[in-house]
Amino acid sequence: MKTKRFFSALLAACLTLTLVLPATAAGSAASLEEATQAVNALGILSGQVSQTVTRAEFVAMVIKASPGGDGVGQAATSPYPDIPRSHWASGYVEAAVSRGLISGFSDGTFRPNQEIKLAEAASMALALLGYGPEDFSGAYPTGQLAMYHSLKLDRGVTASGAASALTRQDAVWLFYNLLSARTKEGAPYIQALGYGLDASGKPDLVALINGEMEGPVVAQGYGWKSELGFTPGTVYRNGSSAGLNHIQDYDVLYWNASMNTLWAYAKKTTGAIQAIAPSGAVPTSVTVAGRTYEIESSAAAYALSDLGQYHLGDTVTLLLGRSGGVAAVADVSASAGERVGIVTEVSKSDYPDGTGGSYTAQTVTLLATDGQTYQYQVQGSYRKGSVVRAVVAAKGGKVTLRGLSNASLTGKVNKEGTRLGQYAFAQGAEILDVSEDRGAVVYPGRLAGLDLGSGKVKYYALNPQGEIETLILNDVTGDAYQYGVITRFEEQGQGMSRFCTYQYDVGGVSYTLSGTTKFLAGGGPVRILGDPAAPERLYALTAAGAGQVSGGQFVTGSQRYTLSDSVAVYEIRDGRYYLSSLARAEESGAAVTGYYDKAESAGGRIRVILVK
């Protein structure tokens, strides 16, 4: 019986990223891979069947494709002389006969090993859609096959004649087509199975796989392998292809046996429980280390409830599932969580004391290499912008921040973005590019071709294979900054008393910088150093000239510039700036000017585009 997850409606909306699904354009015909994944996810086809499909095999598929079909067991009695009760398909045949989906032959046999014919298969598919003998005209199977074609159940099916044998591939297409076909009442058949169609009218594959996925289960020792009940042929860990040998204790596991696939996630966080909401009686979220996480499983909800073993003030390790929610809760000794990052803030915060009261303690906000911020209660003095490792003690959960010195690593990243000098980047390497106390997550490919000289690497760590798994850079790409445009400026005073006021827009939000003596030569696009609400300085960007946006690049004459992933586009109308979109810049046909922060060979990108 499938293990149902807690808050499945929430997860169905969230879990869309790391299924590694086939890429198909919106509105395009489904590929065989996509059809196979959908049918396999539902458990309609499981294991290896023969090149041609037998009557027994197809009947089992039909029942599995019907509501509640995954609960069929062995038949109570032998339904046919050639299908004893001990036959693997006896329960499916009994169910199919009782539902009027198929019958035996005139000699009283069922002939389970005989190849299924197209006419038989089409008739059973139409029966699932609610059609009966009264809906067909003419002698069997003329009416059945006519409706089979009109409902487009034949797309991808190679069997053509009524007596043609179905292959396994034919069965995949028939059942995939069945999912989007309309029932006699007019609804897509897939709705009877609890799912729906996507915007292109095809079965919503992400929602389907999410709904049919089992888990979560926490990997510990070897017990989890028996709980799976099968040996996965395909394994993903943190969204990347892996093997069973890569699974580690306290990984959170999900699987689909019919797809022969296992998904594992190693994300976790450790710290004191600061809040449980809305209450300990019905917990749906928990706040640890300054971050709030939705609770994903009933086991985690129980552990964090007033009936469980973890309460406000306790230090725990949260094991995070696919959605980033809490799949399980473990003692700190299970994983003395460590994070590396930069200190972005040092402040005072209130913490629950576990008895209904609270106390105030020094708190450090850490921007970690995963791009998330965490808060830790610490003692001692810490400086914003410093690189530290947060170490949580296995006993007691005390957090210690340890300063990390600049690393002596230099070299050039190869053009493929797979190596830095002598070291390869590990699968899933975490890279944080920082400027002062701000940072941005980048990927190895973003660094392709860049020369990282002295002082550009603040910290790095290797995995046991000698690959870079953690890397903190010192202002290499410029992605840690924010970019916008000055919308108005005015100068006031004279001589030593001269100062300027700027108004500028960042991402559609307007800010004012008053009384500054640090001047820009005019207005236009800028790079903001520090918090946009109170910046340390504004830097003018360099104009690349007039051109056009094409194929993800800014083109002017023979020069082509790479666009930032977060390029800001503004339209200028009647002297005012309006935040726009890249698509608008491509389609407008108006004059377009691009602005960059530094040469592309040094990591620069087109950061702002103005459309006039």
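Reply: Before the surface total, a word on the term: accessible areas here come from the Shrake-Rupley method with a 1.4 Å probe. The model is a predicted one, and its accessible surface comes to about 28200 Å², with 47% belonging to carbon and sulfur atoms.

Me: And how much of the protein is buried?
Reply: Buried residues make up 48% of the 612 residues in the protein, where buried means under 20% relative accessible area.

Me: What are the overall dimensions, and how many helices and strands are there?
Reply: The C-alpha trace spans about 110 × 65 × 50 Å along its principal axes, and the protein contains 11 helices and 33 strands. Of the contacts between residues at least 6 apart in sequence, 58% join residues at least 24 apart.

Me: Now α4, which of its residues are buried?
Reply: In helix α4, which covers residues 90-98, the buried ones are S90, G91, Y92, V93, A95 and A96. Their cover includes α3, residues 55-64.

Me: What comes after α4?
Reply: G100 follows α4, and its phi is positive, near 75 degrees.

Me: Last topic, how many cavities turn up?
Reply: A search of the whole structure finds two cavities of 30 Å³ or more. The second largest cavity holds about 40 Å³ of space, and its lining consists of S435, E436, D437, R438, A480, Y481, L529, G530 and E536.

Terms used
Residues are numbered from 1 along each chain as its sequence is written. This is a predicted model: local features need pLDDT of at least 70, side-chain atom pairs count only at pLDDT 80 or more; totals for chains, interfaces and linings use all residues. Side-chain values use heavy atoms; hydrogens and water are left out. Buried means under 20% relative accessible area, exposed over 50%, partly exposed in between (1.4 Å probe, protein chains only). Helices (H or I, at least four residues) and strands (E, at least two) are DSSP runs, numbered from the N terminus. Contact means heavy atoms within 4.5 Å. On a 1 Å grid over the protein atoms alone, a cavity is a set of points where a 1.4 Å probe fits but cannot get out, and a pocket is an open set with protein on both sides within 12 Å along at least five of seven lines; lining residues have an atom within 4 Å of a point. Grid points are joined across faces, edges and corners, and a volume is the space filled by probe spheres set on the points.
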